[in-house]
Amino acid sequence: MAGLLGAYSAFLTRRPLIGGMASSAVLFATGDVVAQQLIEKKGSKHDFFRTARIVVWGGGIFAPAVTVWFRTLERLPIKSKWPATFARVGLDQFVFAPFVLTGFFHAMTLMEGKTLADARAKWQEAFVPTLKANWMLFIPFQTLNMFIPLQYRLLAINGVNIPWNAFLSLQNAKPKQVEKAENDLKKD
């Protein structure tokens, strides 16, 4: 196990972007599987396209953006540890998190084949409650995470992201369940 962790650590140091993308893709998929199988209890009706969409988001969009973002935060010219931590967490949660959540709801809706108007409607419905939940979880977590070495921060977030991604997957799927019920009623 120590050898595997050492190899992974070396890989993250050499290739932080690729390593972050791969681990994010796996952990975002895990969050969606948790949402669909343990919470929604879909069993054999698992929506693999939904899982694929969240993998594209997590590995292809989220991970590169966060990797660059953490490097940017690390360069803040504040030398004192606690003021630097509070500045980084403040920027992360009050600037970057709203941007990421906006991107998430828009990207997921567009990947479902819906319109930009649908994406805006999804954002209006889900953004504020999701952002509030984000702040409850990630302000304390990111305060601790800023003390973790830079190459491990995305991995640490991804560990917390398994339940968070399950929550995001459910937030994104919520209206679909309502739409399906409405469509089923119209058929009857």
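## Helix α6

Tyr152 is found in helix α6, which covers residues 150-187, in what is a predicted model. With a relative accessible area of 24%, Tyr152 is partly exposed, because a residue counts as buried under 20% and as exposed over 50%, with partly exposed in between. Although Tyr152 and Gly60 are 92 residues apart along the chain, their C-alpha atoms are separated by 18 Å.

Helix α6 is also the place of Phe167, and this residue counts as partly exposed at 27% relative accessibility. Between the C-alpha atoms of Phe167 and Pro77 there is a separation of 35 Å, and these two residues stand 90 residues apart along the chain.

## Helices α2 and α3

How do the axes of α2 and α3 cross, and within what distance do they come? The two axes come within 7 Å, and they cross at roughly 140°. That angle makes α2 oblique to α3, because the label roughly antiparallel is kept for angles over 145 degrees. As for its handedness, the crossing in which α2 passes α3 is right-handed.

The loop between α2, residues 16-39, and α3 holds Lys41. The phi angle of Lys41 is near 55°, which is a positive value in a residue other than glycine. Lys41 is exposed, its relative accessible area being 63%.

Side chains of opposite charge can pair when their charged atoms come close. In this model the count of salt bridges comes to four, where a salt bridge requires a side-chain nitrogen of Lys or Arg within 4 Å of a carboxyl oxygen of Asp or Glu.

One of these pairs joins Arg50 to Asp32, with the closest N and O atoms 2.9 Å apart. Are Arg50 and Asp32 buried or exposed? Both Arg50 and Asp32 are buried. Arg50 also forms a salt bridge with Glu40, and here the closest N and O atoms are 2.6 Å apart. Because Arg50 lies in helix α3 while Glu40 lies in the loop between α2 and α3, the pair ties together parts that are 10 residues apart in sequence. Glu40, like Arg50, is buried. Taken together, Asp32, Glu40 and Arg50 are linked in a network of salt bridges.

## Helices α3 and α4

Helix α3 runs over residues 48-74 and contains Ile61, while helix α4 runs over residues 81-111. These two helices pack at an angle of about 155°, and their axes are 11 Å apart. The helices α3 and α4 are therefore roughly antiparallel to each other, because angles over 145 degrees fall in that class. The crossing of α3 and α4 is right-handed.

Leu91 is one of the residues in helix α4, and it counts as partly exposed at 32% relative accessibility. The C-alpha atoms of Leu91 and Ala25 are separated by 25 Å, and the two residues are 66 residues apart along the chain.

The side chains of Lys114 and Glu112 meet in a salt bridge, with a distance of 3.7 Å from N to O. Lys114 is partly exposed, and its relative accessible area is 27%.

Gln124 has its place in helix α5, which spans residues 116-145. Is Gln124 buried or exposed? With a relative accessible area of 62%, Gln124 is exposed, because the limit for that class is over 50%. Computed along the sequence, Gln124 and Phe138 are 14 residues apart, and in space their C-alpha atoms are 21 Å apart.

Terms used:
Residues numbered from 1 in each chain as written. Predicted model: local features only at pLDDT ≥ 70, side-chain atom pairs only at ≥ 80, totals over all residues. Heavy atoms only, no water. Helix = DSSP H or I, 4+ residues; strand = E, 2+ residues; numbered from the N terminus. Axes fitted to C-alpha atoms, helices over the stretch in contact; angles between N-to-C directions. Parallel < 35°, antiparallel > 145°, perpendicular 65-115°, else oblique. Left-handed = near helix turned anticlockwise from the far one by under 90°. Buried < 20%, exposed > 50% of the residue type's maximum accessible area, 1.4 Å probe, protein only.
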